[in-house]
Structure formats: structure tokens, C-alpha cells
Amino acid sequence: MTAKEQFLTNQQRNQPLMLPQRFSDEEMVRDWTLSRRDCQVVNKYRKQYRLGFAIQLCAMRLYGRFLNQLHDLSPRVISYLSSQLDLPPTLTVDVPEREATLLEHRNNILKYLGFQRFDDKAEADLDRWIEEYARQGLLPDELFHRAERYLLLNRIVLPGPSTIERQIIRICNQVHTQLFEQVFDQMSPELRGAIDDLLQTTDGNQRTYFNQLKEYPPAAKISSLKRYLERYDNLVATGVNEFEEKVIDTAFLHYLYRLTKRYSAKDMKRFKDHKRYALMVCFLLESRKILLDNLVKMHDQYMTELCRQTRNSHDKKHKEFRKRQKKAIDAVLDTTHVLLEWPDEQPLYKNDLWQRIDEKHLLASIDDLHIFKRLEECGYCDLLLTRYPSLRKYFSDFIRLPFEVAKGSGPLIKAIQFVRQLDDGDLKKLPENTPTAFIPRELRRSLKDQAGNINRNVWEMGLALAMKDALRSGDLYLPQSKQHVSFWDLTLNEPNWDETKHTVYTGYSSLCHTKCVPPFQPSSTKRCQQRKSVLDWIISPRYTMAG
């Protein structure tokens with residue numbers, strides 16, 4: 001981000017307060033209720049200015065800014081405040097015409113609420129606060145909203161939006177420059193050379209590998225799966241995995257990825273070395289996560305579509321042979337009746353039987369019965385196995401992704417290792433202790449032959465289906481991915497919770513005193529303690545998500 005860049009819209013910059021026109025009665029009571037002490041302070045002023053004074057008091061407490069146009073306020077709020085001050089109903093708000101009187105009212109409101117002006121000390125404190133969160137990778141627009149919240153919780157009058165915007169841009173520019181230099185110093189020469197190659201076009205391809213990584217994943221087909229697996233292998237070949245332990249915060253990593261994605265390869269070459277390489281290494285690390293997520297999603301879609309097509313083919317074939325089976329049963333029953341009615345003293349020859357029964361029709365009926373029986377028992381599995389050669393075109397590479405399993409799913413990772421050993425030639429056939437508990441019920445009839453040996457094609461097809469389900473449930477995951485990670489990586493552990501708890505309690509207590517309950521009320525302490533105990537249970541490490 002350069003010093004000339006702006007992230008606020010013209011409306012945000014010129015109209016800092018957007019008063020809602022639609023709100024519930026509960027929200028009106030929460031935000032515009034005057035305490036008894038508030039009413040005592042307001043009633044000290046002239047009657048015609050009390051309503052305007054009360055509006056500005058609530059606005060400063062709620063938004064940290066004074067309202068410039070009091071007539072934009074909803075008539076419901078005006079009526080609600082008038083009723084609390086025992087004023088007659090009105091739709092207009094009178095304000096002092098003398099500027100000195102208006103400034104005096106505002107200074108008295110700030111003194112009563114305990115607010116301070118945005119002076120040099122407040123600006124320095126805000127600089128330190130912005131720098132802290134900018135290093136965590138927060139986006140400028142999010143920093144803006146959090147900075148306003150920070151000033152409000154610390155009872156500092158919010159300056160103009162453009163003032164905070166310029167301050168955020170200045171700090172972010174400094175922080176990002178420092179971070180780029182730190183990342184650049186930690187990179188190896190080999191990684192820098194690999195990054196330079198990614199920004200160059202290769203022979204026969206007009207697009208750089210950098211631009212290819214920004215593509216949205218296509219439909220889940222064999223060709224697209226193979227292409228994405230090849231991209232993942234090329235990305236890992238750059239050596240970016242070795243840089244992972246030295247990288248910056250995850251949130252900031254995602255921000256730099258989104259920033260880099262806006263540029264073309266030509267734009268990246270114009271940046272200084274430390275910025276170009278830092279942006280690219282963060283882009284590669286985040287692209288690796290996205291590639292893994294897309295590969296899992298595409299495998300899931302491919303297997304789901306494969307099962308759907310196989311099920312439809314099986315149902316269609318089953319329906320066809322079910323009709324033929326009924327006719328075949330009639331032919332077999334007719335033959336049975338002929339045999340049962342044949343005289344005992346008269347020998348039965350085939351020629352005699354064929355004179356009574358159509359030989360070709362009977363043999364075709366028997367074949368139809370055998371086919372229907374096979375369809376009932378193993379038809380779905382047989383049709384699924386016809387897709388096994390297509391599955392192997394990408395599954396042999398897909399299974400080499402860095403999978404890990406949750407506790408209790410050991411057989412699944414053991415099966416994955418067996419497939420890798422079979423592909424490498426370390427195993428000639430599946431051993432006797434091969435896990436089969438994850439094989440779907442539809443494939444179990446064909447899993448073993450008459451000698452008790454496991455059919456690898458059936459077993460591996462069942463493994464592919466089991467991996468799809470395990471990746472959905474989280475029993476199988478990829479630690480380097482973004483979405484398919486271990487469940488416990490998404491929760492706050494005890495050290496992180498101890499570090500976060502104080503900040504959460506402080507912010508919640510300030511929120512209670514700033515918006516939820518009027519300040520300086522003795523009863524608010526007890527209510528905050530009750531809310532704090534409930535909050536402690538809700539956001540305990542067991543229930544709190546880290547992301």
C-alpha cells in the first residue's frame with residue numbers, strides 16, 4: 001500500500017454517521033435511553049435546547065461523534081427522548097444559534113461522559129495500536145472500523161474518517177515495508193530463483209505459472225485433476241515448504257495473497273526485490289492451501305458424480321432385466337410343470353422336452369436369471385469397477401498428498417501407505433493384515449475371491465470412496481490446507497486462551513459501560529459480572545474457534 005492509496009468510499013469519507021432508519025424497539029431502548037442522572041444533567045439547560053442536548057449526549061456515547069444534522073434522526077427516537085424529558089411532542093429540534101453556546105454544550109457533554117479530544121497523545125496511542133494489529137495482517141478497511149471502536153471504548157472523540165484513513169495508510173506502509181524486508185532476508189537464493197521462473201513464460205505456453213495459480217478450479221474431470229496435481233507438485237518443487245516455519249502471521253499471509261492476486265506478472269517485476277519476493281512467497285504459501293482444498297473438492301465431486309452415474313446405469317439395467325426376469329421365471333415354471341407332469345413309466349429325452357418347450361427361449365431365460373442374480377448381488381460393484389482405470393489416472397498422484405488422520409482412523413492412513421508402496425513396487429500384493437473396515441457395503445461381496453485373496457481394484461475403489469467421506473467428516477485431513485485441517489487446529493488451546501481472555505473481558509466490559517448500560521450506575525457492576533460469567537462459559541477453549 002502506498003501513501004496515495006485510499007480505501008474509504010466517498011460516502012464513508014463525507015458522511016461518517018449513517019443513522020439507521022429501521023430499527024426495533026429493543027434497539028431504540030438500548031441506544032437512546034437516558035438514565036436518571038442523564039435527565040438531571042439535561043434539565044439544567046433551557047427547555048428549548050434540552051432535546052438537542054439529549055440527542056447529542058446519546059450520539060456521543062453511542063458513536064463517539066456529534067451529529068451535524070439533528071433533523072435526520074428518526075421521529076421515533078425524537079418522541080422517545082421527549083417522553084423521557086417530559087417535553088411536549090415535536091418533530092423539530094432546536095439548537096443554539098450562538099456558536100459559543102453550542103461549543104459550551106458540547107464541552108459539557110464531553111466532560112460529563114468522560115470523553116477526551118483527539119490530541120497528540122491519543123494519536124500516538126492510536127499509532128501504536130494500528131501498528132500492532134497491522135502486523136497481524138488486518139485489512140485497512142477492517143483496521144478502520146476497529147480503530148473507531150478502539151477510540152470509542154477509550155472514550156476519545158472520533159476524528160474525521162479521512163484523518164483515521166491517512167493514519168492507517170501511513171502505519172500500514174511502514175509495517176509492510178519492514179515485514180517485506182524481514183521475509184526477504186529469510187529466503188534462500190534457490191527460492192528466489194524459483195520465484196523468478198514462475199514469473200516467466202515457458203516454451204509453448206503464453207501464460208506464466210503465476211497466472212495459472214490464480215485460475216478458478218474447473219469442473220472435476222480427470223484432465224483437470226491431473227493438471228491441478230501437477231501444479232501442486234511444481235509449487236512444492238520451488239522449495240516453499242521449507243519457508244513455512246519462518247512465515248508471518250496467517251491473517252497477514254492471506255491479506256498479502258489477496259493483494260498479490262490483483263497484480264499481473266508484469267506488474268510484479270516492477271516492484272523492488274524485497275517486496276516482489278515477499279509478496280510471491282506469501283502468494284505461493286496461500287496458493288498451496290487453496291490448491292489442496294480444490295483438489296479435495298474436485299476429488300469429492302468426481303467420486304460423487306462417478307457414483308451417481310454408476311447408480312443410474314445400475315438402476316436402468318436393473319429395471320430392464322427385472323422385466324425380462326419376470327418372463328424368464330414364467331419360462332422356467334412352464335418347464336418345471338412339464339417335468340412334473342411327465343409320466344413316470346415313460347423315459348424323458350431332450351428331444352421330447354424340446355418338442356414341448358422352446359429350447360432357445362429357455363436357455364435365454366436362464367441367462368437372464370443369472371444376469372439378474374448378478375445384478376442383485378454385485379451389479380453396482382461391477383459397474384463401478386469399469387471406472388477403475390479412469391480413477392487410477394489421477395488417484396495414484398492424489399494419494400501422495402500429505403494426508404494425516406484423526407485419532408481412531410489409523411486403518412485409513414495405513415491403507416493409504418499400502419497403495420503408495422504398491423505403486424512404488426515395494427509391495428507385490430496386498431498383505432493379509434490389509435484393513436478393510438472402511439470398504440462400503442456395496443463392494444464387500446466382490447472384495448475377496450474364492451481363495452480369500454483381496455481384489456485390489458475393489459479395495460482401492462472402496463478406499464477412494466472412504467477418503468471422500470473421511471475428508472468431509474474431518475477424520476482425514478491435510479495440515480497444509482486451508483479448510484480441511486484438524487478440528488483441534490481450529491480451537492484455542494490453553495496458552496492462546498490465556499493470552500486472549502484478558503482482551504476479550506476488557507473489550508466486553510467496556511462495551512457494557514459504553515452501549516449496553518448507561519455509565520456511572522452502581523447496578524451496572526453486578527450486571528457486568530453476571531454477563532462476564534456467562535461469557536466465560538460461552539468462549540471457553542472448549543467452545544471457541546480460533547479462526
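Predicted model: local features only at pLDDT ≥ 70, side-chain atom pairs only at ≥ 80, totals over all residues.
Trainee: What share of contacts join residues at least 24 apart?

Mentor: The share is 74%, counted among contacts between residues at least 6 apart in sequence.

Trainee: Now charges. Which residues form a positive surface patch?

Mentor: Lys-319, Arg-322, Lys-323 and Lys-326 form one.

Trainee: Why does Lys-323 count as exposed?

Mentor: Its relative accessibility is 55%, and exposed means over 50%, so Lys-323 falls in that class.

Trainee: On to salt bridges. How many does the structure hold?

Mentor: It holds 21 salt bridges. One of them pairs Arg-30 with Asp-31, and the closest N and O atoms there are 2.8 Å apart.

Trainee: Is Asp-31 buried or exposed?

Mentor: Asp-31 counts as buried, at 17% relative accessibility. Arg-30 is partly exposed, with a relative accessible area of 39%.

Trainee: Those two are neighbours in the numbering. Which parts of the chain does the bridge between Arg-170 and Asp-127 link?

Mentor: The side chains of Arg-170 and Asp-127 meet in a salt bridge, 3.2 Å from N to O. The pair links distant parts of the chain, 43 residues apart: Arg-170 is in helix H9 (residues 161-186), and Asp-127 is in helix H7 (residues 120-134).

Trainee: How do their accessibilities look?

Mentor: Asp-127 counts as buried at 16% relative accessibility. Arg-170 is partly exposed at 34%.

Trainee: So far the Asp has been the buried partner. Which class does Lys-468 fall in?

Mentor: Lys-468 counts as buried, at 11% relative accessibility. Its side chain meets that of Asp-469 in a salt bridge, 3.0 Å from N to O. Asp-469 counts as partly exposed, at 42%.

Trainee: Where is Asp-86 placed?

Mentor: Asp-86 is in the loop between helix H5 (75-84) and helix H6 (99-113). At 68% relative accessibility, Asp-86 counts as exposed.

Trainee: What phi does Arg-155 have?

Mentor: Arg-155 has a positive phi of about 55°, although it is not a glycine. Arg-155 lies in the loop between helix H8 (140-153) and H9.

Trainee: Is Arg-155 buried or exposed?

Mentor: Arg-155 counts as buried, because its relative accessibility is 18% and the class takes in values under 20%.

Trainee: How far is Arg-155 from Met-60?

Mentor: Their C-alpha atoms are separated by 9.3 Å, while the two residues are 95 residues apart along the chain.

Trainee: Last one. Where does Cys-39 lie?

Mentor: Cys-39 lies in helix H3, residues 36-42. It counts as buried, at 15% relative accessibility.

Trainee: What is Cys-39 in contact with, leaving aside neighbours within four places in sequence?

Mentor: Leu-34, Gln-84 and Leu-85. Gln-84 is 45 residues from Cys-39 in sequence, and 7.9 Å away in space, C-alpha to C-alpha.

Notes. Residues numbered from 1 in each chain as written. Heavy atoms only, no water. Patch = residues over 30% accessible without salt bridge, like charges linked within 9 Å, V, L, I, M, F, W, Y side chains within 5 Å. Areas by Shrake-Rupley, 256 points an atom, 1.4 Å probe, with all protein chains shown as cover. Salt bridge = Lys/Arg side-chain N within 4 Å of Asp/Glu carboxyl O. Lys, Arg positive; Asp, Glu negative; His and termini not counted. Charge placed at Lys NZ, Arg CZ, Asp CG, Glu CD. Buried < 20%, exposed > 50% of the residue type's maximum accessible area, 1.4 Å probe, protein only. Contact = heavy atoms within 4.5 Å. Helix = DSSP H or I, 4+ residues; strand = E, 2+ residues; numbered from the N terminus.
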